[in-house]
Amino acid sequence: RTYFAQLEMLGLVYETENSNKYHYTIAGDAIANEDNPLQVLQYQLLRHQYPSAYGLSPNVKMDPRMKVKPFLFIIRLLHDDRLERKLSNDDVIIPVIYGHNDDCYELVVEKIIKGRQSKNGVAGVIDNPNIDMFTRRGNPEKAFDNMKDIANTALNYLEATQLVLK
């Protein structure tokens, strides 16, 4: 189930309504046929956006106000000289929490810089954890760990597709 959720998020498969059967998208079919899988995955990551069919599904329940291409947002951060053109897993927690759209970019940069300087790290720059890390799913007490996992997964996707180097 988790693998299908990841494949669906990447736009490689889709589930037909009320059938619980998955089918390849054009991109998924290209990968299955070994038609330049790295290029296809890179393309899928860079065009991935919220809102998306995956993000709006009842199982995910992502806030529909999200309007961002998260992997492009992270790559943009990596090119920012103020961030020394590098991001740690902890740094990426900030765009996961605050990177709702392109208008949030400067806030995210500011919070990453402050988080790096804070003795409490990222946790020290979260203004209101109960609101900022709100999620409709999961345990609110585990929200920060969930945000860490999402940040780590995003960086793993970027590294696996050779869009960033560790």
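Trainee: Helix 4 and helix 6, what are they to each other?
Mentor: In this predicted model, the axes of helix 4 (residues 70-78) and helix 6 (residues 105-117) come within 11 Å and cross at roughly 55°, and therefore the two helices are oblique to each other. The axes are lines fitted to C-alpha atoms, for helices over the stretch in contact, and the angles run from 0 to 180 degrees between N-to-C directions. Angles under 35 degrees count as roughly parallel, those over 145 as roughly antiparallel, those from 65 to 115 as roughly perpendicular, and the rest as oblique.

Trainee: And is the crossing of helix 4 past helix 6 left-handed or right-handed?
Mentor: Helix 4 passes helix 6 in a right-handed crossing, where right-handed is said if the near helix is turned clockwise from the far one by less than a right angle, and left-handed if anticlockwise.

Trainee: Which residues of helix 4 and helix 6 meet there?
Mentor: From helix 4, Phe 73, Arg 76 and Leu 77 meet Tyr 105, Val 108, Val 109 and Ile 112 of helix 6. Sorted by class, this contact has six nonpolar residues, no polar ones and one charged residue, with Ala, Val, Leu, Ile, Met, Phe, Trp, Tyr, Cys and Pro counted as nonpolar, Asp, Glu, Lys and Arg as charged, and the others, Gly among them, as polar. Contact means heavy atoms within 4.5 Å.

Trainee: Zooming out, how many helices and strands are there in the chain?
Mentor: The protein chain has eight helices and two strands, running α-β-β-α-α-α-α-α-α-α from the N terminus on. Both kinds of element are DSSP runs numbered from the N terminus, helices being H or I of at least four residues and strands E of at least two.

Trainee: What about helix 5, mostly covered or mostly uncovered?
Mentor: Helix 5 (residues 89-98) is mostly covered, since seven of its 10 residues are buried, meaning under 20% relative accessible area, with exposed over 50% and partly exposed in between (1.4 Å probe, protein chains only). The buried residues, which include Val 92 and Ile 93, pack against helix 4, helix 6, helix 7 (129-132) and helix 8.

Trainee: Where is Leu 155 found, then?
Mentor: Leu 155 is found in helix 8 (residues 143-160) and is buried because its relative accessible area is 11%. Leaving aside neighbours within four places in sequence, Leu 155 is in contact with Ile 74, Ser 88, Asn 89, Val 92 and Val 164. The C-alpha atoms of Leu 155 and Asn 89 are separated by 7.3 Å, although the two residues are 66 apart along the chain.

Trainee: New topic: what does the side chain of His 48 reach?
Mentor: The side chain of His 48 reaches the backbone oxygen of Met 9 at 3.2 Å. His 48 sits in the loop between helix 3 (37-47) and helix 4, and is buried because its relative accessible area is 8%.

Methods: Residues are numbered from 1 along each chain as its sequence is written. This is a predicted model: local features need pLDDT of at least 70, side-chain atom pairs count only at pLDDT 80 or more; totals for chains, interfaces and linings use all residues. Side-chain values use heavy atoms; hydrogens and water are left out. A polar contact is a pair of N or O atoms within 3.5 Å; within protein, one must be able to donate a hydrogen and the other to accept it, and residues adjacent in sequence count only if both atoms are side-chain atoms.
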